[in-house]
Amino acid sequence: MIFESLPTTPRSEELIDKAFSRAARSGRAKSGLEAQESMLQTASSILSDNLENVVTQWPDFGTVDPFYYELADAIVDVDEVRKSLSEVTWASRQVAEIRREYQSKMRKSNPDTARKHRKQAFARMADIVEEVEDDLLRIGEARDSLKGLPDIRPDEPAIVVAGYPNVGKSSFVNRVTRASNEIARYPFTTKGVQIGHFEHDRVRYQIIDTPGLLDRPEEDRNDIEKQAVSALEHLADAVLFVVDASGACGYPLDAQEELRDAVEARFAERDVPVLTVCNKSDRSTDAEADYFMSIETDEGVEDVLDAAVAAVDWTPDIPPSRQE
């Protein structure tokens with residue numbers, strides 16, 4: 001997952017203390033003009049390199065898969081993070097420029113004057129790093145928010161399971177993945193997203209249940225949840241919308257079908273097929289559905305899974321064999 005390897009972002013005070021304390025140690029090992037030059041080089045390198053590393057460890061949001069871009073933007077304000085990353089890049093370059101400026105001055109001075117130049121340079125460098133204190137905090141908070149996102153892979157085919165609560169979505173995911181799934185926490189759902197995997201004709205498929213997102217009408221979702229649904233539009237290759245005609249789920253069938261129509265309309269914008277699956281068919285089949293199944297009796301489950309795979313219509317990207 002693209003955010004899991006993001007390093008901890010240093011605070012400005014912590015970074016300044018680290019740079020100047022190491023500079024002091026490097027200066028004690030030398031004397032005269034050489035000591036001042038060593039201190040300047042050490043402090044500036046630590047500040048400039050650490051600031052640059054904060055930025056380079058982040059993915060380029062201009063090339064990030066749309067699923068992860070919208071997911072990140074649902075959790076943190078990507079534009080604000082990008083601005084902060086740009087400010088930190090500026091700070092790194094300013095520190096390097098100050099080093100070059102004072103290195104030139106030191107070459108033409110004596111040890112006492114060089115010491116004054118080094119102290120001036122340190123003060124200016126500290127001011128620069130303190131100027132991006134809020135940006136470092138923002139980047140650090142964004143890193144903490146994004147680092148724990150579950151590993152959903154846009155380069156693998158994905159089947160999203162939708163429908164009202166208690167219609168059997170989680171049971172279906174458990175059944176077809178042989179319980180080889182995980183519950184992962186997203187910042188916009190308290191119940192956790194359920195992610196499972198199965199293989200069909202040597203292709204690994206992801207199957208995802210998103211409680212708190214596609215289990216209620218859009219008008220009941222907040223802005224973050226709505227943007228998370230938008231991210232799912234980029235991810236999904238097919239949607240299974242599960243209904244319960246028996247009424248055991250606690251929601252009338254007409255309400256379930258109304259939600260299904262809304263989901264169909266939403267995913268139709270990206271030509272994502274939506275299959276209606278009537279679960280608990282051992283109790284009732286009184287619904288207009290593409291497929292019927294019963295998790296309880298295992299009837300029709302494999303047919304539904306085969307239909308989902310067919311709807312995805314995934315062709316593995318296999319490179320052509322090299323000619324001899």
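A salt bridge is counted here when a side-chain nitrogen of Lys or Arg lies within 4 Å of a carboxyl oxygen of Asp or Glu. By this rule the structure has 18 salt bridges. The structure is a predicted model, in which local features need pLDDT of at least 70, side-chain atom pairs count only at pLDDT 80 or more, and totals for chains, interfaces and linings use all residues. Residues are numbered from 1 along each chain as its sequence is written, and side-chain values use heavy atoms, with hydrogens and water left out.

**View 1. The annotated segment, residues 3–152.** An unreviewed UniProt entry gives these residues the annotation "domain: NOG1 N-terminal helical"; such annotations may be inferred rather than shown by experiment, and the positions follow the numbering used here, with feature names shortened. The chain over residues 3–152 is 79% helix and 0% strand. Its end C-alpha atoms are 12 Å apart. Helices (H or I, at least four residues) and strands (E, at least two) are DSSP runs, numbered from the N terminus.

**View 2. The pair Arg143 and Asp144.** The closest N and O atoms of this salt bridge are 2.9 Å apart. Aspartate 144 is exposed, at 52% relative accessibility, whereas arginine 143 is buried, at 12%. Buried means under 20% relative accessible area, exposed over 50%, and partly exposed in between (1.4 Å probe, protein chains only).

**View 3. The pair Arg204 and Glu156.** Here the closest N and O atoms of the salt bridge are 3.1 Å apart. Arginine 204 belongs to strand β4 (residues 203–209) and glutamate 156 to the loop between α6 (133–147) and β1 (158–162), so the pair ties together parts that are 48 residues apart in sequence. Arginine 204 is partly exposed, with a relative accessible area of 29%; glutamate 156 is buried, with 14%.

**View 4. A salt-bridge network around Arg221 and Glu218.** Arginine 221 forms a salt bridge with glutamate 218, with the closest N and O atoms 3.9 Å apart. Arginine 221 is buried, at 7% relative accessible area, and glutamate 218 is partly exposed, at 35%.

View 5. Zero disulfides are found in the whole structure, a disulfide being a pair of cysteine sulfur atoms within 2.5 Å.
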